[in-house]
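Q: Please take a close look at the interface of the two chains in this model. A connected account of how they meet would be welcome.

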2 protein chains.
Amino acid sequence: MRDFSTDHHWLSINTATLRRQSGQEVALDLIMDQCAARGVRAISPWRDQVAAVGIDKVARQLKALDIELSGYCRGGFYPAADAAGLRAALDDNRRAIDEAKTLNAPCLVLVVGALPGALQGKPAYKDITRARGEVRDGIAVSLEYARSVGMPLAIEPLHPMQAAERACINTLEQALDLCDELDPLPTGEYGQGQLAGAPASLGVALDVYHCWWDPKLQQQIVRAGQGSASRLLAYHVCDWLAPTRDLLNDRGMMGDGVVELRKLRGWVEDAGYAGYSEVEIFSTLDWWQRSGEDTLATCIERHRSVV
Amino acid sequence: MRDFSTDHHWLSINTATLRRQSGQEVALDLIMDQCAARGVRAISPWRDQVAAVGIDKVARQLKALDIELSGYCRGGFYPAADAAGLRAALDDNRRAIDEAKTLNAPCLVLVVGALPGALQGKPAYKDITRARGEVRDGIAVSLEYARSVGMPLAIEPLHPMQAAERACINTLEQALDLCDELDPLPTGEYGQGQLAGAPASLGVALDVYHCWWDPKLQQQIVRAGQGSASRLLAYHVCDWLAPTRDLLNDRGMMGDGVVELRKLRGWVEDAGYAGYSEVEIFSTLDWWQRSGEDTLATCIERHRSVV
């Protein structure tokens with residue numbers, strides 16, 4: 001297991017973590033400067049943050065600051081109330097893949113979507129099996145394009161408490177089943193193996209917040225690392241607070257909750273993961289009220305001491 | 001599938017649903033009278049409600065009103081910070097089994113517990129695998145006593161969002177794995193089969209609120225109904241609201257959320273379940289603010305129209 005205690009070489013900042021500072025929205029260009037000033041080598045930005053600054057400007061700034069991406073947030077949200085909605089989702093995912101390519105991201109993270117309209121409190125239907133089918137069909141289409149441009153897609157299983165509104169893929173096992181269905185490993189069927197350790201075309205973004213509770217987590221992490229191409233495309237950390245006061249925006253700083261962070265990182269590294277540990281904290285009540293300097297300094301300290 | 005549309009013969013009221021009426025705590029004896037007045041044939045009371053009235057008085061009142069139990073809430077909470085805590089939990093579960101017997105409950109529902117102290121915001125440890133081991137060992141002890149007095153134990157898998165504080169058994173598959181480990185089906189090993197359809201000594205209380213999102217739900221319900229004794233000891237309904245505003249006390253009335261209630265009841269009935277549909281709603285912001293008459297009338301109406 002890698003030693004994180006002496007530096008933050010493998011720390012990435014998901015820019016949602018610094019999206020609000022002292023209660024105010026902060027633009028991505030400033031966030032990137034803050035990260036660079038603290039020696040952070042990688043970030044994972046959100047599409048709306050990139051769009052607000054302008055993608056070409058973001059690309060130039062990344063290059064000037066020598067910052068790379070650990071992922072790009074996010075594609076997905078496939079299910080829709082009607083055929084026009086499904087087409088619009090596919091088009092939007094194609095644009096997200098292009099943007100990820102422009103920014104040289106190692107993967108596009110997919111929050112796959114769930115019951116259409118539920119996020120607005122008006123689900124168009126309740127059939128989660130139908131939503132899962134639409135997700136499968138949608139990813140299949142995106143995957144064809146993503147392969148053609150060389151952009152791996154990382155399905156992020158979301159916590160079951162977000163199954164109605166945000167993602168109907170809720171366990172690592174379920175995500176890997178879908179990977180195996182849509183992207184059979186490149187030995188055998190395709191006749192041409194990828195390099196060992198190369199990323200699969202379709203894999204997962206594993207976030208400890210969503211998956212820490214899962215009794216099959218270790219078993220499925222082992223599974224994700226098997227095969228000639230790894231399914232482990234990204235690794236996200238924060239912490240689960242007890243009590244948790246909100247179903248979306250009450251994530252904890254690493255070390256402040258109940259997740260066994262060292263144990264889980266051990267599992268993903270044993271399975272071959274050697275990339276960034278990406279901090280993604282949504283925190284209306286706490287961290288988004290603090291200064292960016294405070295939040296960033298704490299991320300770095302906790303990365304070294306508890307991640 | 002049974003037709004619920006013309007009566008509420010198979011409706012049970014979990015008395016937490018009526019615990020607060022118009023914002024005020026209401027005693028169990030009054031709740032039982034309210035249920036009897038509306039022709040409700042079964043309830044599932046909580047230990048603290050029973051203790052407040054007195055168990056002998058409750059037993060007499062149940063008999064006088066011709067109301068039976070669909071379950072007794074609840075045993076469990078096995079994990080503890082130390083050996084004394086573990087012993088205390090075992091003693092308390094033995095008392096819960098005795099109370100369930102006194103009230104002639106068909107099963108004692110187990111909310112198994114999780115990280116000790118987490119419910120108070122101070123987890124004694126973070127190792128959920130350890131907590132799961134303590135749960136297994138604790139249930140094994142309780143089961144021996146429960147068998148000796150003939151009281152089935154029903155493990156209730158709780159939603160993963162309650163994995164830190166309330167229950168570290170979070171999927172039906174995980175609960176059934178534990179049932180199979182501690183209570184191998186009574187053919188073979190014990191040499192003496194139970195009657196087909198008889199309850200297993202150890203089974204599950206399936207609550208749609210906790211399990212609706214699970215991609216393996218149907219598969220595991222089928223599994224629960226297999227074997228010479230059924231693991232399906234209780235079936236709880238309410239609804240999952242989108243959005244959900246609180247991780248514990250924002251359950252919805254049946255029909256107001258996204259759970260496919262008819263489909264799920266079809267699955268459990270296909271698996272052999274023929275008991276009550278028990279309404280369990282914790283609702284600080286909505287139903288606990290309404291009158292008991294309103295809540296009870298709505299439970300009855302929705303039982304007929306959407307369950």
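A: Across the interface of chain B and chain A there are four salt bridges, a salt bridge being a side-chain nitrogen of Lys or Arg within 4 Å of a carboxyl oxygen of Asp or Glu. One of them joins B:Asp127 to A:Lys263, with 3.4 Å between the closest N and O atoms. Helices α5 (128–149) and α6 (172–182) of chain B each supply at least two residues of the side of chain B that touches chain A; helices here are DSSP runs (H or I, at least four residues), numbered from the N terminus.

The model is predicted: local features need pLDDT of at least 70 and side-chain atom pairs count only at pLDDT 80 or more, whereas totals for chains, interfaces and linings use all residues. Residues are numbered from 1 along each chain as its sequence is written, chains are lettered from A and ligands numbered from 1 in the order in which they are written, and side-chain values use heavy atoms, with hydrogens and water left out.

Eight residue pairs, both at pLDDT 80 or more, are in polar contact across the interface of chain B and chain A. A polar contact is a pair of N or O atoms within 3.5 Å; within protein, one must be able to donate a hydrogen and the other to accept it, and residues adjacent in sequence count only if both atoms are side-chain atoms.

Taken as a whole, the contact (heavy atoms within 4.5 Å) involves 36 residues from chain B and 36 residues from chain A. The area buried between chain B and chain A is about 2700 Å², and carbon and sulfur atoms give 63% of that area. Buried area is the accessible area (1.4 Å probe) that two parts lose on being put together, summed over both. Within chain B, the residues that lose the most area to chain A are B:Lys126, B:Trp213 and B:Leu247, which together make up 21% of what that side buries.

The same surface serves both copies, since 100% of the contact residues of chain B recur in chain A.
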